[in-house]
Amino acid sequence: MKRIYVLHFNQNNYDKPIVYQLIKNYDLVVNILRAVILPRKESYLVLEIIGDEVLIEQGLTFLKESGVEAESIRKSVKRNEDICTSCGACTAICPTGALYIERPSMKVLFAPENCSACGLCVNVCPPRAMEVNF
Ligand code: SF4
Ligand code: SF4
């Protein structure tokens, strides 16, 4: 199974080989979609994690024990359904297809499981329906 998380590191663990251990000890495939590393400050990675469901859960427990907060992408990137007008502007810029036009209804749908948290949709959205919060 595949899941995307935002991993928050702090000044005590940002320089530890935690992602390496996640790969090695839990047999997970990880794909770094976005990274902001600020020495001695809070840093974060947007990580796509692929592997066995049980091992992913064990890996998440390991992250927690290591002081790394792992937040589901669904909590970090949201769309305000009340103000989205399905104008389609975001679908042209979304690099992963997480925002896409459903046919034949022509409604714009959001699939957070495909989102890389790049943030490109935020500024192109006329009513500011997209929120990316880390
Ligand atoms: S942040 Fe927006 S543009 Fe970027 S992948 Fe997610 S939905 Fe697409
Ligand atoms: S740009 Fe904003 S209003 Fe337009 S479809 Fe995308 S999320 Fe909805």
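In helix α1, the buried residues are Ile18, Val19, Leu22 and Tyr26. Viewed down the axis of α1, these buried residues fall within an arc of 110°, so they line one face of the helix; the arc is that of the directions from the helix axis to the C-beta atoms. Tyr20 and Lys24, on the other side of α1, are exposed. Buried means under 20% relative accessible area, exposed over 50%, and partly exposed in between (1.4 Å probe, protein chains only). Helices (H or I, at least four residues) and strands (E, at least two) are DSSP runs, numbered from the N terminus.

This is a predicted model: local features need pLDDT of at least 70, side-chain atom pairs count only at pLDDT 80 or more, and totals for chains, interfaces and linings use all residues. Residues are numbered from 1 along each chain as its sequence is written, chains are lettered from A and ligands numbered from 1 in the order in which they are written, and side-chain values use heavy atoms, with hydrogens and water left out.

The protein chain has four helices and eight strands. Starting at the N terminus, the order of its elements is β-α-β-β-α-β-α-β-β-β-α-β. Of the 134 residues in the protein chain, 37% are buried. Along the principal axes, its C-alpha atoms fill a box of roughly 45 × 30 × 20 Å.

One aromatic pair is present in the structure. Tyr26 and Phe62 form this pair, which is tilted, with 5.7 Å centre to centre and 35° between the planes. Tyr26 belongs to helix α1 (residues 18-26) and Phe62 to helix α2 (residues 53-65), so the pair ties together parts that are 36 residues apart in sequence. Rings of Phe, Tyr and Trp (its six-membered ring) pair if their centres lie within 6.5 Å; planes under 30 degrees apart count as stacked, over 60 as edge-to-face and the rest as tilted. Tyr26 counts as buried at 16% relative accessibility, and Phe62 is buried at 12%.

Ligand 1 is surrounded by residues with a heavy atom within 4 Å of it, among them Cys94, Pro95, Phe110, Cys115, Cys118 and Cys121. The shell around ligand 1 divides into nine nonpolar residues, three polar and no charged. Here Ala, Val, Leu, Ile, Met, Phe, Trp, Tyr, Cys and Pro count as nonpolar, Asp, Glu, Lys and Arg as charged, and the others, Gly among them, as polar.
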